[in-house]
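Trainee: I have a structure to read and some questions about it. Can we go through them one at a time?

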Amino acid sequence: MNRHRHLRIATGLAALSLLLAGCGDLAANKPGLDILSKAVGNATRSGQSTEAVAASDPRRALTRALIEQAGAPVILVVVIDRNAAATLIRAGENGDKITWASPDGIGVILRNGFLIGTRGLGDDLMGAEVNGSQSALRRGGISTRVHDYLTGTDRIERRSFQCRFATVGAENIEIVQRVYAVTRIDETCSDSASSFVNSYWVGSDGTIWKSRQWVSALVGTLEIMKL
């Protein structure tokens with residue numbers, strides 16, 4: 001890892017710390033995260049080889065009872081390209097923007113289920129403008145989204161993507177022992193350098209129960225599930 005990468009990770013972690021400082025939700029909900037972390041750690045260590053465990057992976061241990069015992073809003077985030085997963089609790093909110101955090105300093109910021117920021121992943125999405133995407137999710141068609149990234153010289157690089165929304169169809173998905181009837185909608189985006197597809201599994205009331213949303217070329221896509 002080069003010097004610029006270290007700086008960018010440190011910047012992301014520092015930004016997450018500042019973002020969370022003074023967020024009342026974090027202190028209120030941390031006991032719930034402690035319950036989840038302890039239970040997942042115990043479950044993944046009990047009777048399994050190091051190779052089988054690889055690391056404490058909540059996907060191996062989460063149950064609906066455990067989620068309810070936490071007594072706080074929880075999401076499951078998977079970094080697909082790294083096959084790494086973590087449970088995050090709601091750490092704070094600012095209007096319709098909700099910050100979620102893990103015990104090891106990973107953070108994601110969601111706006112009505114849309115990913116608008118990450119921290120602690122290395123090549124983070126520093127911010128995103130998704131108003132057009134939010135509207136197009138409901139009506140379909142074409143929209144523009146804007147992503148901000150931190151360059152190796154600590155400058156913000158702004159990238160604008162043209163996106164097209166299309167309904168894939170109705171599905172039933174299972175999220176930790178609970179089944180939801182949803183509609184899958186894909187958002188296909190590109191600019192001159194990159195292209196990606198975001199997918200949203202949306203309930204009849206508009207809740208995004210599951211999504212796969214692109215962060216950056218180095219991080220790839222996050223799968224986010226509302227638990």
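Mentor: Start with a definition: a salt bridge is a side-chain nitrogen of Lys or Arg within 4 Å of a carboxyl oxygen of Asp or Glu. Keep in mind that this is a predicted model.

Trainee: What is the N to O distance between the side chains of arginine 158 and aspartate 148?

Mentor: Arginine 158 sits in strand β8 and aspartate 148 in strand β7, ten residues apart. Their side chains meet in a salt bridge, and the N to O distance is 2.7 Å.

Trainee: Is arginine 158 buried or exposed?

Mentor: Exposed means over 50% relative accessible area, and buried means under 20%. Aspartate 148, at 14%, counts as buried. Arginine 158 has a relative accessible area of 62%, so arginine 158 is exposed.

Trainee: Which residue forms a salt bridge with arginine 111?

Mentor: Arginine 111 is in strand β4, and its partner is in the loop between β2 and β3, 15 residues apart. The closest N and O atoms are 3.1 Å apart, and the partner is aspartate 96.

Trainee: How many residues apart in sequence are the parts that aspartate 191 and arginine 159 tie together?

Mentor: The side chains of aspartate 191 and arginine 159 meet in a salt bridge of 3.0 Å, N to O. Aspartate 191 lies in the loop between β9 and β10 and arginine 159 in strand β8, so the parts tied together are 32 residues apart.

Trainee: Which side chain makes a polar contact with the side chain of threonine 118?

Mentor: Threonine 118 is found in strand β5 and is buried, with a relative accessible area of 0%. Leaving aside neighbours within four places in sequence, its contacts include Val108, Asp124 and Leu222. The polar contact, at 2.6 Å, is with the side chain of aspartate 124.

Trainee: Which element gives the most residues to the largest nonpolar core?

Mentor: The largest nonpolar core has 21 residues, and Ile75, Val108, Leu115, Leu222 and Ile224 have the most contacts inside it. The elements that give two or more residues to this core are β1, β4, β8, β11 and β12. With three residues, the one that gives the most is β1.

Trainee: How many residues are in the second, separate core?

Mentor: This core includes Ile67, Leu76, Trp209 and Leu227. Its number of residues is 18.

Note on methods. Residues are numbered from 1 along each chain as its sequence is written. This is a predicted model: local features need pLDDT of at least 70, side-chain atom pairs count only at pLDDT 80 or more; totals for chains, interfaces and linings use all residues. Side-chain values use heavy atoms; hydrogens and water are left out. Helices (H or I, at least four residues) and strands (E, at least two) are DSSP runs, numbered from the N terminus. Buried means under 20% relative accessible area, exposed over 50%, partly exposed in between (1.4 Å probe, protein chains only). A polar contact is a pair of N or O atoms within 3.5 Å; within protein, one must be able to donate a hydrogen and the other to accept it, and residues adjacent in sequence count only if both atoms are side-chain atoms. Contact means heavy atoms within 4.5 Å. A nonpolar core is a set of buried Ala, Val, Leu, Ile, Met, Phe, Trp, Tyr and Cys residues joined through side-chain atoms within 4.5 Å.
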